[in-house]
Amino acid sequence: MTDSSLNGKLTSTSKQGFWNGFRQAFTGIRREETISGYLFILPNFIGFIVFMLFPILFGFYIMFTDWNLGAERQFIGLENFETLLKDRLFWKSLVNSIYYAFVAVPTGIFIAFWLALALNRKLRGMILFRTLFFLPQITLTVAAATVWRWIYQPEVGLINYLLGLIGIEGPNWIHSTSWAMPAVIIMSNWQGVGFAMLIILAGLQGIPEELYEATALDGANPWQQLRFVTLPMLSPALFFVIVTSLIGAFQSFDQFFVLTNGGPADATTTLTLYIFNNGFKFFKMGYGAALAAVLFLLILIVTIVQWYVGKRWVFGFSQD
């Protein structure tokens with residue numbers, strides 16, 4: 001029997017097996033199992049359609065309309081996007097979002113990396129310290145921001161009180177156009193650094209000890225081990241943290257809403273806050289949907305760029 005005839009026979013047999021399996025899935029016991037499986041996933045599937053798929057598709061539709069909730073929707077084509085390009089506050093909120101994301105994320109990951117290195121030790125009580133650093137992550141953002149709003153008070157706040165003890169006059173923090181965004185970044189990193197630390201710590205514990213032993217025998221010092229062993233082997237975990245953190249940073253809303261509500265003088269108005277104000281404060285649902293589309297496009301572009309650049313530095317990244 002030739003190779004071609006053998007391949008043809010195997011292909012024919014595999015096709016028959018597929019169709020036999022497909023028919024069995026809807027007959028007898030296999031049919032009951034299939035129906036039971038679909039019934040189990042049906043609630044989640046309905047929830048996905050109602051709460052995710054439909055709002056996404058509806059949002060893409062209303063971005064081309066003029067709709068103020070109570071009034072009838074009017075199709076206006078690309079007029080919302082034309083207005084958007086001329087909107088000074090849109091450009092300011094876009095710059096604020098980029099500023100926040102590309103300052104908060106690198107500083108947070110830098111802190112998380114060194115925290116993970118410090119906590120990656122087999123010492124007594126280390127689990128307690130890991131838990132303490134992760135606790136802010138599970139704190140409600142609204143509750144945390146409310147507490148930090150008091151901490152940032154210029155007259156009675158804790159930070160300025162402590163600075164005053166060493167003779168430093170603290171800034172106005174959330175009441176200052178210069179310090180409001182750094183104040184939000186500090187609070188966000190306090191809360192979010194625990195998640196990044198946990199992922200990096202898991203990556204560190206997955207690095208084989210044999211690599212460090214081999215490089216030590218070759219005369220590598222701790223800094224060389226960090227550069228040539230730790231960072232390359234840790235690059236997949238770092239890549240994951242960077243991508244997810246940037247996506248989360250662009251979507252941040254709660255801390256801005258509670259701490260500053262976009263002020264002072266729109267210094268902390270981000271795209272998410274501007275979308276909320278237009279949609280649910282000024283009832284410009286069509287314009288708010290157009291702003292949301294821009295935010296989606298911004299996140300998509302940033303993620304694609306990271307994915308492309310990741311092929312150059314992430315260890316084991318697929319080149320396909």
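Q: How many nonpolar, polar and charged residues are in the lining of the second largest pocket?
A: The lining of the second largest pocket has nine nonpolar, four polar and four charged residues. Ala, Val, Leu, Ile, Met, Phe, Trp, Tyr, Cys and Pro count as nonpolar, Asp, Glu, Lys and Arg as charged, and the others, Gly among them, as polar. This is a predicted model, in which local features need pLDDT of at least 70 and side-chain atom pairs count only at pLDDT 80 or more, while totals for chains, interfaces and linings use all residues. Residues are numbered from 1 along each chain as its sequence is written, and side-chain values use heavy atoms, leaving out hydrogens and water.

Q: Which residues lie nearest its centre?
A: Leu-117, Asn-120, Leu-204, Tyr-212 and Thr-230, out of 17 lining residues. A pocket here is an open set of points on a 1 Å grid over the protein atoms alone, where a 1.4 Å probe fits, with protein on both sides within 12 Å along at least five of seven lines; lining residues have an atom within 4 Å of a point.

Q: Which element gives the largest share of that lining?
A: H10, with five residues. Helices are DSSP runs (H or I, at least four residues), numbered from the N terminus.

Q: And what classes line the largest pocket?
A: Its lining has 19 nonpolar, five polar and no charged residues. H13 gives the most to this lining, with nine residues.

Q: Which residues of the largest pocket's lining lie nearest its centre?
A: Pro-55, Ile-275, Ala-289, Ala-292 and Ala-293.

Key:
Helices (H or I, at least four residues) and strands (E, at least two) are DSSP runs, numbered from the N terminus.
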